Amino acid sequence: MAWTHNDDLLCLQEDGQVLIYNVFGQFQRSFTMGKDCRDNKVMEFEVFIGQQGTGLVAMSGLFRFLLVNNVDDPKVRILADVPGLKTTPPSSWCVLPGSRTSKVLAANDNDVYLLDQGGHCSQQIPTGLTANPSSYISMAVSVDGKHVALYMNTGTIWIGSSDFQEKYCEFNTNDGRRPKQLLWCCDSITSNTRRLSDRDIAIVVYWPKTLLVVGPKKDWVRYSVEEDLNVPSGMASAVLSADMDGIRIVTVNRHDFLQHVPNAVEGIFKVGSMAPGALLNDAAKEYNHQSEKADEYLRMLLDNGQLPEAVEKCTLAAAAEFQPRIQKLLLSAASFGKSFVPSIKLTDLFVNTCQNLRILNAVRDFNIGIALTAAQLQHLTINCLIDRLVSRREFQLAFHICKYLKIPEDQGSSRILSHWACYKVQQSNVDDTSNARAIRDKLQSARGVSYADIAEKAVESGRKDLAIKLLEFEPRAAEQVRLLSKLGKHTLALEKAVMSGNTDLAYSAIARLRERTNLSEFLVAIRQQPIAYKLYLKSCREQNEQMLKDLHEQEDNFIELAHCHIHDSCSTFRPEDRVMSLHAALDSFSKARDDFGVKATEEQLQLLRDQTNFEQQTDHSFAELSMHDTIHELLITNQLKKAEQLRKQYKVNDKRWWWLRIQSLAEIGSFNELESFSKSKKSPIGYLPFIEMCMKYNAPGEVPKYISKVSQEKRVSALLKVGNVKAAADLAIQTRNLVDLDMTLKRCGVEHREIAEQVKGALMQLQRR
């Protein structure tokens, strides 16, 4: 077992199956380490934290290493084999984390090899090694992957860089036993920001009852570890875990943290220290005691220009302390000194430290139990800490931290409330109505909360009624409809879709309702929604005409049924089908007592019969022609008597008849007959159409015959149609008609400049009047 960086519990079985649970023991997901582990079992494994997340390395029974760089995206990679291993496992091995992928350091007795996923295996020789070991029985790599320690069977430790090019020291422990654990106590942040010193790193060796800490300069210190009487002799009574700035020591009753004393803390509390932070701390104490020594300490700092540094050190020391009493003491000293140094930088540092300490003290409380240092919080970030609190269901503290730091609602308080609501719907001891009301009361002022997500979590918990109640508060209709359909509440989903006013959403809800129910239930449900029913009729009109007819017939809507038959008659090309559809339409109009529809349909049927007769008599096709086009076709084929017959039969008025006659005579080029027709009697549509048809069919020579017959008010327009701009301008000026003048001016081109000037002059005179 091991913990991931997300506080999930990782369990590796001997067959290579990896099971991951949350902190409450609820199963999350699983994956397997592959066939090699399944067939040959897992002998050893190591979980590590890399830049890609939590990784896992397992060693199978064939002494082969299998690597997963990130358990959240498990991709098993087989590393190169260790040379010389046949029947015995490696004497020791550890993981070397990398920026892109991790590697494994493995020792075969006194040979060390670096294995990677590309199948490469390179031997590593420790620089400056003076001991002559027969095997390396333990090894450890620092959290940042920069340092390595090799523990030999002689009890000597080689400490150096992870590329084996730099040796820090060799230290003889005089103990050849294999350590229970070998870890680095390393300040990763400090070592990344400045040059390595003996304060930055140390190697920690743990045997039962004993903890040995060795520095790179061979300085060492030994600690005793509390024993648990229930642990059998020879077994470890504590577990050590390396962190980025120290080592956690967990026993049955205690959780200790081993780290280097921070520089700021040492400078202040070291006996006899004259560091700026120590002087400022003493000055603050004397000031509280109303002693004049406070002024002496302050003057000493001011004269040396060390007061800003003293304020900074006291602030940093407060951040590094765990006890609130000492934190307050140091922050009080920093505040005292800050009042003499007006610095925005120091003010920001002080405010940020106060905020971080308030958060750290809250999460360190035993009720929460997250023991973080200030450096760990800085590395983890506030957002990750809030995520950890949410995963532990500490919603109240997470919510207050977001409010305290004024994090935007969508990233802070609203998100926390959403997680709280998702947890709330899983509680089965509260009835649905009370649960929905409690969630609504809590979330009604929160912005950006998705009730659909909360309802979906309720569905996963088997509480469908609660999900439906929560969806009433969801402002997004699309999410409402989607989830209601998922719950099988298709009628309610259709109702919500119609209320939204979104026709696309309504169509999709109708389609889902039709798919999930039989036809009778579907029709009963959709008729209860008038708007949805109209949309369905429109859909049938475009996609399923037979269904549309059936619906109209069921409702005795004979008018719409007749319209469907007429549409069918216009859509078919077979005359017999067209006649059949029109007879069906005639029958429907008769049932609806629509006299106009009956008469119009009868006339259309008669027209079809007449067209059939004409086709037989003239060998011309009259298919799909209207009455107007049929007469026109008869006229241009010199079937004047038949055209006259249709005119009388369908009571075509004189204006339409004259238009048809003028157009057909001009189209066939019978301009003499056209002139005779114009003289037969006074034209009911005037004589301008004669001019238009002559111009359309390229007979401008015929135009003068009709100009004089055009009425006075249309004569200017007629002259312009034939292109006689000058005559049109003269007539317009003579009649002083504003409309004619304006029309003439618009037709004047570049070649008509003089005419245009005359027209403009006439317009100006009329406008002055």
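Helix α8 itself spans residues 344-364, 21 residues in total, and reaches 30 Å from its first C-alpha to its last. This is close to the 30 Å expected at 1.5 Å a residue, the expected span being 1.5 Å times one less than the number of residues.

The model is predicted: local features need pLDDT of at least 70 and side-chain atom pairs count only at pLDDT 80 or more, while totals for chains, interfaces and linings use all residues. Residues are numbered from 1 along each chain as its sequence is written, and side-chain values use heavy atoms, with hydrogens and water left out.

The protein contains 34 helices and 23 strands, defined as DSSP runs numbered from the N terminus (helices H or I, at least four residues; strands E, at least two). Its radius of gyration, taken over C-alpha atoms, is 48 Å, well over the 27 Å that the globule rule (2.2 Å times the number of residues to the power 0.38) gives for 769 residues, so the protein is more spread out than a compact globule. Along the principal axes, the C-alpha atoms fill a box of roughly 135 × 75 × 60 Å.

Buried residues make up 45% of the 769 residues. Among contacts with a separation of 6 or more, 47% involve residues 24 or more positions apart.

How values were computed
Buried < 20%, exposed > 50% of the residue type's maximum accessible area, 1.4 Å probe, protein only. Contact = heavy atoms within 4.5 Å.
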